[in-house]
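Please walk through this protein model with the sequence and the structure side by side.

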Amino acid sequence: MANEVVLLDLKLSPFAARVRIALEEKGIEYKSKVEDLSNKSSTLLKMNPVHQKIPVLIHNGRPICESMVIVQYIDEVWSHKPSLLPSGPYRRAHARFWADYIDKKIYPIGRNLWASEGEVKESSKKDLIQCFKILEEQLGDKLYFGDESFGYIDLALIPFYSFFYTFETLGNLCMVAEFPKLVEWGERCLQKESVSKSLSGQKEVYEVILQIKQKLGIE
């Protein structure tokens, strides 16, 4: 059976970036089909009828949805390549916990930071700073969250490195001063080709966020 891999994609999406990195890490050939979320394709509506959002991995005609679910699927199906999840039940559970923390905190709080004003914005800024403090403590002096090698937690978080400039500029904070270890970690991850070719530039993300703010009527 042909091993056809298609990704319903969106360049600036941090969630789609996770899947692109996982595919690159495993050396999997795939076809990227970029979606227009203002005019969703019939393929997207068919393959993800519940949430109708990207990313969707279509493997031999069968869809898998939700970014970290897709990453786990990739890790299990292409298990002959180096694993993205650590070995052992405890370390795997630990990695899934932190990936879930990143999902529930960084994107929603970060979005509130740039898509709100006044007290909500200030509250979001404080919450985001606290989240990054916790993550920096978790990283500690390790090269990667998975210790010596790039892994599941790193893959979950690194797409948000592209948003650091946006957080700094619109949140009036300095990432390298507040979280030097996280910034060093991000730069280290970017030295990996699988990461650098999968992420959008920080200024590129910022310009798109400004356009979204303008549409929302937010100063």
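The paragraphs below take up the domains, the boundary between them, a hairpin and some backbone details.

This is a predicted model, in which local features need pLDDT of at least 70, side-chain atom pairs count only at pLDDT 80 or more, and totals for chains, interfaces and linings use all residues. Residues are numbered from 1 along each chain as its sequence is written, and side-chain values use heavy atoms, with hydrogens and water left out.

The protein chain is split into domain 1, residues 5-78, and domain 2, residues 89-216; these bounds come from an automatic or database domain assignment. Taken over C-alpha atoms, the centres of domain 1 and domain 2 lie 21 Å apart.

How many residues of domain 1 are in contact with domain 2? There are 14, and they touch 23 residues of domain 2, where contact means heavy atoms within 4.5 Å. Between them the two domains bury about 1,700 Å², and carbon and sulfur atoms give 61% of this area. Buried area here is the accessible area (1.4 Å probe) that two parts lose on being put together, summed over both. Of the area that domain 1 buries against domain 2, 35% is supplied by Leu12, Arg18 and Ile21, more than by any other three residues.

Polar interactions also cross this boundary. Domain 1 and domain 2 are joined by 9 residue pairs in polar contact, both residues at pLDDT 80 or more. A polar contact is a pair of N or O atoms within 3.5 Å; within protein, one must be able to donate a hydrogen and the other to accept it, and residues adjacent in sequence count only if both atoms are side-chain atoms. On the side of domain 1 that touches domain 2, the elements giving two or more residues are α1 (14-26) and α3 (67-77). Helices (H or I, at least four residues) and strands (E, at least two) are DSSP runs, numbered from the N terminus. Helix α1 gives the most to that side, with 9 residues.

The structure holds 9 salt bridges, and the count between domain 1 and domain 2 is 4. A salt bridge is a side-chain nitrogen of Lys or Arg within 4 Å of a carboxyl oxygen of Asp or Glu. Lys11 forms one with Glu204, the closest N and O atoms being 3.0 Å apart. Lys11 sits in the loop between β1 (5-9) and α1, while Glu204 is in helix α11 (residues 202-216), 193 residues apart.

His59 stands opposite Arg62 in β4. The hairpin has 2 residues between its strands, and Asn60 takes a positive phi near 50 degrees.

The loop between α2 (42-47) and β3 contains Pro55. The peptide bond from Ile54 to Pro55 is cis, with omega near 0 degrees. Gln52, found in the loop between α2 and β3, has a positive phi of about 55 degrees although it is not a glycine.

Key. Pairing = 2+ DSSP bridges.
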